[in-house]
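Today I opened a new notebook page to look up charged side-chain pairs. Here is the model I worked from.

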Amino acid sequence: MQQGKASFYALKFHGRKTASGERLHKDSLTCAHRSYPFGTLLRVYNPANGKSVLVRVTDRGPFVRGRIIDLSWRAAKELGIISQGVAVVTVQKATGIIVPFMPPDDDIDIPEFEMETNEGSTEMKPLWQLMAEEAEAKRKASADHHSAAKKK
């Protein structure tokens, strides 16, 4: 049994591939753990409110000091830790329950989402690219000016 801090995946990670190759679904009861094999079922208990949830290991992590498990959004909701963000929990391997690990099926067609901000058109160049082009134009103008001055 382990005791330590649990956190959960932000909703923006929904649909991304985990270390096991499965895609994270915000409503799945899954988790990331550093050492348990993929497919292992873990019982996570929140001593602050007495709630527990059964989750399946599908990812590696967390890689933040002091944290022992990263939960899916749904698992965190079941434990009542969404508003806190991080909570102290106990984690124990579930015994007597066998769920075989199902390797990911890459034939699943999950649409790619295009993300943009309200700061401008997606056709605009990034600021770093504009600055690099401006610096290059200034360098070229300066070189042309020096070349013209030498000819006189």
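My entries on the salt bridges follow.

**Setting up.** I am working with a predicted model, in which local features need pLDDT of at least 70, side-chain atom pairs count only at pLDDT 80 or more, and totals for chains, interfaces and linings use all residues. Residues are numbered from 1 along each chain as its sequence is written, and side-chain values use heavy atoms, leaving out hydrogens and water.

**Count.** How many salt bridges does the structure hold? I found five, taking a salt bridge as a side-chain nitrogen of Lys or Arg within 4 Å of a carboxyl oxygen of Asp or Glu.

**R56 and E22.** These side chains form a salt bridge at 2.8 Å, N to O. The pair links distant parts of the chain, 34 residues apart: R56 sits in strand 4 (residues 51-59), and E22 in the loop between strand 1 (2-8) and strand 2 (30-32). Strands here are DSSP runs of E, at least two residues, and helices are runs of H or I, at least four, numbered from the N terminus. Buried or exposed? For accessibility I use buried for under 20% relative accessible area, exposed for over 50% and partly exposed in between, with a 1.4 Å probe and protein chains only. E22 is buried at 15%, while R56 is partly exposed at 22%.

**D27 and K26.** I noted a salt bridge at 3.3 Å, N to O, between these side chains. D27 is partly exposed at 35%, and K26 is partly exposed at 30%.

**R74 and E78.** This salt bridge spans 2.8 Å, N to O. Both residues lie in helix 1 (residues 73-79), four residues apart, so about one helical turn separates R74 and E78. R74 is partly exposed at 31%, and E78 is partly exposed at 33%.
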